[in-house]
Amino acid sequence: VARLCVCDLLVAQCDTNCCCDPDCSAEDFSLFTTCSIPVVIGDSQLCSQKAAVYSLDVEANPPERIFKLIDQVNPSIFCIHATNYEQALYLKSPEIPTAENFDELLDKFGGATFSAEPDSWNLDPDAQNPSEANETSRYEYGVPVQTEDAFLRLPSPVVSSWCSDANPAGFLVNQATKCIRSVSVEKCDSIQALSMLFYINSSILAVPKSSQMVNITVQSIAVQSVNGMRTFLSSGEALRLPMVLDGLCINAVLGVNYHITHTDTGEIIEAVAAFVLGAISREALSIEQSFEISFTQENTQPVPLSGNPGYVVGLPVRAGFQPQGYPFPAAFLSNKHGQLTILHSTSTQDCLAAQGARAPVLFGYNMISGCKLRITAAMKCQPLAQTLLDVLKGQSFPEYVASFGNSQAQDVFDWVPITQLHISEQMISHTLQSSCQIPVSLGIEVKWTKYGSLVNPQARIVNVTATITSTTLKQLPSGRERIIPITSSVVFTDISSPAEPSYKAWPTINIKLPFDFFYPFV
Amino acid sequence: SSQLSSLPLHILLYVNGVYYIFYFLATLAMIIYKSQVFSYPDDFLAPDLAVLFLMAILEVPRLYLGFKGNLTEAEAPLGLSLGLTVGSVLLCVYLLLWQSYVLWADVLLNAVLLATYGLESGLKVTAIAAFVS
């Protein structure tokens, strides 16, 4: 026991705070703060055994290690006095594989898991089959979308930037990829990946391993000219195949945008593709193709979620307005009005010059931005205050923020109102209320909490407070100017309460006497 | 006195009987406890249980013969009881020394039982000597 040391991990080197390490010298011991292992003992159930006790004497200067070998006595009456079974107190040493027992050991331990009880090894193969049958009846997140021959391909760059056609599209995984494909005008019509047919010829299986097919229809075709201008073709659904014309290869696929509609049970019901066709000139050796796939549930509006259900760090905080009665999400991806935004610092740092540059507030990212305001004597107070308020808050500052990343517009209780506070800093010498107040900083504090189960907590926004701090503007003597900094910041605070474990309720004994138990007397 | 039966032997046999019931139940309970708490494979558990039950089986005729021999003042049953006591002593020594796990409580119980057997044997020998002569 005196020679055993569990914390001695480094060979020929002193481990910190390891008092039993033989590689440590007295100077090393004087630098330790505690002993990570105070006692080294065998099985504590023995009645009497030797124990090595290590401690640091911090009173002495320098601190030194004290090592004592004592007899530890177990006072319990059920302590082990003696054993006649040698393997009682030691771990079982595993069987050494030999030529004879190798097959048997491989059966026992060769799988991914094995349990201590030999009886349960035979039960696992039977248990696997029922669960497999459930999975094939619908698509789940991430499962490759299957087509007639293989998978729905979304060409993407794999190791280098060259397109690889073997990348399957995952169900409900919205992706956008760009990759380079090598082309030549001579082989224009023989390269499959340039023709529209390649992307829509195999139909998608509605459910994995089923025979129900969903054809991919062409939603729209845009033709991109050599100088980059795109024109939408009127919805003639005729396929345009690549061909050589005047030394150019026209109708070559430059981009495909798949849009798949699914039900809420994981079944695909519709698939459309929008193409961008272009022309390849003779000198071009490679073209860049871009592919995108997006999934929408049927009968819903595609709103980009910021999490499902809890917010995901890095995704924008969804916000909206409440016109007469219902919160109305104004946050479609292309429409920047009504997003919770914060002033975006520009290189010029002049508040009045760069109005309108805003950055979206991303969940979990504390941001601070600002600009400098140059005040001259000629500026009037009220218009200046209004302009600064616009600079700080933006054109349409939302009134409500979504509590969860996937809050729908119809659920009134899933939206949190933004509390607006005004703080005015009064200068000590000025007690007049009538002096001019201009807002100088906007602080948005978002309080969020962890919600849900302990193993998979979801972020939920509980409270949003927007605080505008104003300060008084002293009238400047003419000709002089002042520069004051304007700041806006967003802070995310985690106010989760500590997790409470919940236990299954004890079963209660429900004894009730029959109604007429006390019959003669009642 | 005309009574040759030994009163101390009778008392001791009676106490032995009561104590043995307690001893058997306690040892059985401890073996069950050991099999749950420690690693007690079956081929080590079987001999220990067999010895305990064998001792219980031996104890009944041993005590009966002892009582009978003492009360009827006959040497033969008492001598037979002494012989069975030797067997019981051996089994008790096994449980004291050669069990798979000997707990401190085991040591106490078996030591008391051995002491009882020893005292009993001495009293039986004295009684036999008294009956024979």
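In chain A, Cys5(A) and Cys20(A) are joined by a disulfide, with an S to S distance of 2.0 Å; a disulfide here is a pair of cysteine sulfur atoms within 2.5 Å. This pair links distant parts of the chain, 15 residues apart, and both cysteines lie in the segment before helix H1 (26-31) of chain A. Helices (H or I, at least four residues) and strands (E, at least two) are DSSP runs, numbered from the N terminus.

This is a predicted model, in which local features need pLDDT of at least 70 and side-chain atom pairs count only at pLDDT 80 or more, while totals for chains, interfaces and linings use all residues. Residues are numbered from 1 along each chain as its sequence is written, chains are lettered from A and ligands numbered from 1 in the order in which they are written, and side-chain values use heavy atoms, with hydrogens and water left out.

Over all chains the structure holds seven disulfides, including these:

| Pair | S to S | S-S torsion |
|---|---|---|
| Cys5(A), Cys20(A) | 2.0 Å | about 75° |
| Cys19(A), Cys35(A) | 1.9 Å | about -90° |
| Cys47(A), Cys79(A) | 1.9 Å | about 85° |

The torsion of about -90° makes the disulfide of Cys19(A) and Cys35(A) left-handed. Cys47(A) and Cys79(A) form a right-handed one. Both Cys47(A) and Cys79(A) are buried, meaning under 20% relative accessible area (1.4 Å probe, protein chains only).

In chain B, Ser6(B) precedes helix H1 (7-37) and is buried, at a relative accessible area of 15%. A polar atom of the Ser6(B) side chain lies 3.2 Å from the backbone nitrogen of Leu9(B). Cys92(B) is also buried, at 0%.

Definitions and conventions: Buried means under 20% relative accessible area, exposed over 50%, partly exposed in between (1.4 Å probe, protein chains only). A polar contact is a pair of N or O atoms within 3.5 Å; within protein, one must be able to donate a hydrogen and the other to accept it, and residues adjacent in sequence count only if both atoms are side-chain atoms.
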